[in-house]
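Here are my notes on the model, in the order I'd walk through it on screen. Have the structure open while you read.

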Amino acid sequence: FFIRYYSSFAAPGENIAMPEHSAKFDYESELTIVMGTTVRNASAEEGLAAVFGYTVAMDGSVRDYQKRTHQWTLGKNFDDSGSIGPWIVSANELPSGAKGLGVQARVNGELLQDGNTGDMIFSIGELVAALTECMTLHPGDVILTGTPAGVGPLQPGDQVAVTVEGIGTLTNPVVAEN
């Protein structure tokens, strides 16, 4: 899990850019937390209570850059390599902690990831609490929670669709970076 420090996310329907300096660009389907209140040094219960809602993210991972260091940050922050949306569903509209939601990725219509938030190693409250040990989270901050098994490569011309049950589907075409 991590907070993504993108210079930009693509919106639903907008192009996702495969970086010109890499041929190892993977999709990852992810439930995304949207914070609703400021929180620091929270317990798991306080962390969960601070969540406003959830959305969908396609976490485009540039694997060769991701593996250049022991930290993954570099491979997660190329301009327009990920997307977020299509909207935010408030936490009270979903099961507590977004448990038991299907998470899927389709590339060119083929189902390639099929997981469930019930299989997450850490609960939403635990994820938020862990992050607040080192940083203050503010309303509007987003946390990508991790991806199910089955990540794989994207190429220009592909269309990737990420679905989180109860939230919606985020669909984007993939293009080569200019």
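**Notes on the predicted model**

1. The largest pocket has a volume of about 270 Å³. Of the 16 residues lining this pocket, Met120, Ile121, Thr145, Gly146 and Thr147 are the closest to its centre. For the terms: on a 1 Å grid over the protein atoms alone, a pocket is an open set of points with protein on both sides within 12 Å along at least five of seven lines, and a lining residue has an atom within 4 Å of a point. Grid points are joined across faces, edges and corners, and the volume is the space filled by probe spheres set on the points.

2. What is the lining made of? By class, the lining of the largest pocket has 8 nonpolar, 6 polar and 2 charged residues. Here Ala, Val, Leu, Ile, Met, Phe, Trp, Tyr, Cys and Pro count as nonpolar, Asp, Glu, Lys and Arg as charged, and the others, Gly among them, as polar. Strand S3 (residues 29–35) gives the most to this lining, with 3 residues.

3. A word on the ground rules. This is a predicted model, where local features need pLDDT of at least 70 and side-chain atom pairs count only at pLDDT 80 or more, while totals for chains, interfaces and linings use all residues. Residues are numbered from 1 along each chain as its sequence is written, and side-chain values use heavy atoms, with hydrogens and water left out.

4. Now the overall picture. The protein chain has 3 helices and 12 strands; these are DSSP runs numbered from the N terminus, with helices (H or I) of at least four residues and strands (E) of at least two. Of the 178 residues of the chain, 48% count as buried, where buried means under 20% relative accessible area, exposed over 50% and partly exposed in between (1.4 Å probe, protein chains only). Among the contacts in the chain with a separation of 6 or more, 76% are between residues 24 or more positions apart; a contact means heavy atoms within 4.5 Å.

5. The accessible surface of the protein chain comes to about 8300 Å², and carbon and sulfur atoms account for 53% of that. Areas are from the Shrake-Rupley method with a 1.4 Å probe; for residues, only the protein chains shown count as cover.

6. Back to S3, which deserves a look from both sides. In a regular strand the side chains alternate between the two faces of the sheet. In S3 both faces are covered: Ser29, Leu31, Ile33 and Met35 are buried on one side, and Glu30, Thr32 and Val34 on the other. S3 pairs with S4 in the antiparallel sense over 7 bridges, and threonine 32 stands opposite threonine 55 in S4. S3 also pairs with S9, again antiparallel, over 3 bridges, with valine 34 opposite valine 142 in S9. Two strands count as paired if DSSP finds at least two bridges between them.

7. Which elements do the buried residues of helix H3 pack against? They pack against S3, helix H1 (44–49), strand S4 (51–58) and strand S9 (142–144). Helix H3 (residues 124–132) is mostly covered, with 7 of its 9 residues buried. Those are Ile124, Gly125, Leu127, Val128, Ala129, Leu131 and Thr132.

8. Glycine 47 sits in helix H1. Is glycine 47 buried or exposed? Glycine 47 counts as buried because its relative accessibility is 0%. Leaving aside residues up to four places away in sequence, glycine 47 touches Met35, Ala42, Gly125 and Val128.

9. Two other strand arrangements are worth checking. Strands S7 (residues 102–107) and S8 (residues 110–116) run antiparallel and are joined by 6 bridges, and glutamine 104 stands opposite aspartate 114 in S8. They form a hairpin with 2 residues between them, and asparagine 108 in the turn has a positive phi of about 55 degrees. Separately, 3 strands form an open antiparallel sheet in the order S5-S2-S10. Its edge strands are S5 (61–62) and S10 (152–153), each pairing on one side only.

10. Last, the chain end. Glutamate 177 is found in the segment after strand S12 (168–176). The C-alpha atoms of glutamate 177 and glutamate 20 are separated by 5.4 Å, although the two are 157 residues apart along the chain.

Notes
1 Å grid on protein atoms, 1.4 Å probe; cavity = no way out; pocket = protein on both sides within 12 Å on 5 of 7 lines; lining within 4 Å.
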